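Hi,

Here is the structure I said I'd pass on. Have a look at it first, then read my notes below.

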Amino acid sequence: QMQSSNSEQTQLQVRESRASQFAVALQPWRHVLVRADAVLHWERPLAFGCLLAGLTLAFALLAVARPAPLACLTLLCLLAVTADFAVPKLLAPLLLGESWTEADQACYTAVCRRLSARGESLAAAIRRIFAIRRNRPRAFALGAGAALLAVALIGASVSGLLLGYAAALGALLWPGVSRYGLLRRALSDLRHSAGGGK
């Protein structure tokens, strides 16, 4: 029991160390991240509505322009690189005048912890997939083949632009939905109504 307690404490220290590394790496983005976190968690409904409208407008323009997939990928990469360079530099003069409060720091620390945990979960999932590939190659080949076939069938029957819009919309809605437990509540209501109100 003492050994498991030490192991848990070590894991906690590793998590805190990763979160603090995230906090240092994302320091130029801290003002932006705190405000984006508030928007994505529906604390600023007007800004969130504008974000959804902007997303819908961007996909509508893509539907009208119909650019090649490679052009879309290049444009996304260009936007990401430009944002990484320009956003902190352009917003810093505007946001640095605002006082950085303890609540902002707590929010920033929580955002960095969440980002670190998501990265850790992704790395663990990739390690698990490679472990299955190494230990059970037949199961891996069957599972990967079935998943890729399903993706190919969905991609052949549904527009890629529509799938991209649904994925982007889901990614924007997910933080607020998970914070307020809307999905859990909807599933609970569905189970209740399917059970005949028992």
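This is a predicted model: local features need pLDDT of at least 70, side-chain atom pairs count only at pLDDT 80 or more; totals for chains, interfaces and linings use all residues.

A definition before anything else: contact here means heavy atoms within 4.5 Å. With that, among contacts in the chain between residues at least 6 apart in sequence, 79% join residues at least 24 apart.

Residues are numbered from 1 along each chain as its sequence is written, and side-chain values use heavy atoms, with hydrogens and water left out.

Overall picture

The chain has eight helices and zero strands, with helices (H or I, at least four residues) and strands (E, at least two) taken as DSSP runs numbered from the N terminus. Along the sequence the pattern reads α-α-α-α-α-α-α-α. The C-alpha trace spans about 65 × 55 × 45 Å along its principal axes. The radius of gyration is 21 Å, whereas a compact globule of 198 residues would be near 16 Å; the radius is taken over C-alpha atoms, and the globule rule is 2.2 Å times the number of residues to the power 0.38.

Of the 198 residues, 14% count as buried. Buried means under 20% relative accessible area, exposed over 50%, and partly exposed in between (1.4 Å probe, protein chains only).

Helix pairs

Helix α2 (residues 30–40) and helix α5 (residues 102–135) have axes that come within 9 Å and cross at roughly 85°. Axes are lines fitted to C-alpha atoms, for helices over the stretch in contact, and angles run from 0 to 180 degrees between N-to-C directions. So α2 and α5 are roughly perpendicular to each other (65 to 115 degrees; under 35 is roughly parallel, over 145 roughly antiparallel, the rest oblique). From α2 the contact uses Arg30, Leu33, Val34 and Asp37, and from α5 it uses Asp104, Gln105, Cys107, Tyr108, Val111 and Arg114. That makes five nonpolar, one polar and four charged residues, where Ala, Val, Leu, Ile, Met, Phe, Trp, Tyr, Cys and Pro count as nonpolar, Asp, Glu, Lys and Arg as charged, and the others, Gly among them, as polar.

Beyond its neighbours within four places in sequence, Asp37 touches Cys107, Val111 and Arg114.

Helices α7 (residues 160–180) and α8 (residues 182–194) pack at about 65°, axes 5 Å apart. Trp174, Val177 and Tyr180 of α7 meet Leu182, Leu183 and Arg185 of α8, giving five nonpolar, no polar and one charged residues.

Loops

Most residues other than glycine have a negative phi. Trp42, in the loop between α2 and α3 (45–65), has a positive phi of about 65° and is partly exposed at 24%. Arg66, in the loop between α3 and α4 (69–95), also has a positive phi, about 50°, and is exposed at 70%.

Pro28 sits in the loop between α1 (2–25) and α2 and is exposed, at 51%.

Cheers
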